Amino acid sequence: MKGNTIFIGGLVSILLVGIVGFIYKEKYFSSQAPKEEIVSSFSEVKSDNSSTIKAITKDRIHQKATIQGNITSRINHKDGHVFLKVEDHTGSIKIVIFKDKKIQKESLIEGENVRVSGTVEEYNGELELIVDNSTDLTLTNNPNNKISDEQVGSELDVVGKIVSKYTHPEGHIFLNVRLENNQEITVPLFNNMKFASDDYSVFSTIRVIGTLDKYNDTLQIKPDNNQSITVLEKGNESKIQEVEIEHISEQDQGKMIIVEGFVKNIEDRNDGHLMFDLESNGNGIKTVLFKADSNEIKGRKDRIIHAEKAQFPVRVVAMVDIYKGELEIIVDKVLVD
């Protein structure tokens with residue numbers, strides 16, 4: 001009886017080893033399967049967030065990734081496949097569009113800016129993105145490709161230039177960004193994420209990955225986290241137009257300007273905001289420096305208070321606004337000449 005038990009136990013062990021070996025082989029050597037088999041399994045691949053090309057590494061093979069960049073080359077294969085090379089500011093990657101996917105490829109030409117979602121694969125030692133369907137390819141510099149209400153709730157990946165910014169009384173920062181298709185959209189940087197206004201100067205080119213939302217009839221892209229907004233090129237704020245106080249008008253609302261004047265009638269409020277008048281040549285305008293949850297605001301307050309006491313003029317970078325029917329400017333920087 002004991003001998004039968006040992007025999008049966010040994011037989012079960014052999015069967016288990018065989019099954020485990022089969023599973024191991026199927027799981028870990030499936031990357032050697034022909035291209036057609038890899039393509040057929042795309043629908044099972046877990047989706048991933050947008051990223052830079054540099055961030056696509058071998059540990060993301062078989063995962064979904066989304067990138068945005070310029071098409072720098074195109075190769076039409078004799079079997080009907082198309083191979084693109086797409087570059088962003090961090091690197092380049094091959095994009096593979098197989099013939100059997102029946103994706104329209106005519107507009108995918110060199111020089112176009114494109115947003116691509118695909119599955120990360122490796123072929124001949126080179127990482128590539130395999131495109132699964134037509135919705136995974138979007139030309140982003142097409143003037144007709146406007147962001148619309150229908151996309152609210154979607155994850156977007158955009159590149160644009162900061163044309164103005166506004167600091168909210170509660171410390172939030174709102175960037176007005178002109179996209180590559182010339183559409184302007186708001187990017188809110190909420191105070192709980194501890195963004196610093198000085199990191200996002202006017203005229204900077206930025207990349208934003210976030211969720212499209214609509215607030216007070218305004219479309220805005222909310223970054224998912226601090227890593228979801230990247231400064232691609234620092235802006236030169238010296239190019240902001242300098243305006244005399246007497247020439248500031250309601251037509252300038254939302255515009256960034258540089259203005260110079262003497263500080264008068266400071267009100268350093270308990271809530272941390274600083275209110276004062278900026279005056280020059282007999283003209284004045286209400287000026288506001290809102291509190292922010294960072295140390296960067298303290299130096300501005302100190303310079304403004306010292307300027308009033310010493311009675312010398314200050315130059316500020318500010319956004320023109322209208323509050324309760326009254327023209328005002330909201331300070332972003334106090335310039336040190």
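Which residue in β12 does Val-208 stand opposite? Val-208 stands opposite Ile-229. The structure is a predicted model, in which local features need pLDDT of at least 70, side-chain atom pairs count only at pLDDT 80 or more, and totals for chains, interfaces and linings use all residues. Residues are numbered from 1 along each chain as its sequence is written, and side-chain values use heavy atoms, with hydrogens and water left out.

**Confidence**

- The protein chain has an average pLDDT (the predictor's confidence in each residue, from 0 to 100) of 80, and 81% of the residues score at least 70.
- Confidence is lowest in helix α2 (residues 35-40), with a mean of 30, and highest in strand β5 (residues 126-130), at 95.
- Helices (H or I, at least four residues) and strands (E, at least two) are DSSP runs, numbered from the N terminus.
- The pLDDT is below 50 over residues 22-48, a stretch that has 29 contacts in the model beyond near neighbours in sequence; contact means heavy atoms within 4.5 Å.
- Where pLDDT is low, the predicted coordinates should not be read in detail.

**Strands around β10**

- Two strands pair if DSSP finds at least two bridges between them.
- Strand β10 (residues 205-215) runs antiparallel to β7, and seven bridges join them; here Asp-157 stands opposite Ile-209 in β10.
- Four bridges join β10 to strand β12 (residues 229-233), and these two also run antiparallel.
- Strand β11 (residues 218-223) is joined to β10 by six bridges and runs antiparallel to β10.
- Tyr-215 has Thr-218 in β11 as its bridge partner.
- β10 and β11 form a hairpin with two residues between them, and Asn-216 in the turn has a positive phi of about 50 degrees.

**Aromatic rings**

- The whole structure holds three aromatic pairs; rings of Phe, Tyr and Trp (its six-membered ring) pair if their centres lie within 6.5 Å, and planes under 30 degrees apart count as stacked, over 60 as edge-to-face and the rest as tilted.
- Tyr-166 and Phe-290 form an edge-to-face pair, 6.5 Å centre to centre with 85 degrees between the planes.
- This pair ties together parts that are 124 residues apart in sequence, because Tyr-166 lies in strand β7 (residues 155-167) and Phe-290 in the loop between β15 (283-289) and α3 (296-310).
- Phe-290 is buried (under 20% relative accessible area; exposed is over 50%, partly exposed in between; 1.4 Å probe, protein chains only), with a value of 10%.
- Tyr-166, Phe-174 and Phe-290 are linked by ring pairs into a cluster.

**A charge over a ring**

- Lys-94 has its charged end over the ring of Phe-83, 5.5 Å from the ring centre.
- A charge sits over a ring if NZ of Lys or CZ of Arg is within 6 Å of the ring centre and within 35 degrees of the ring normal.
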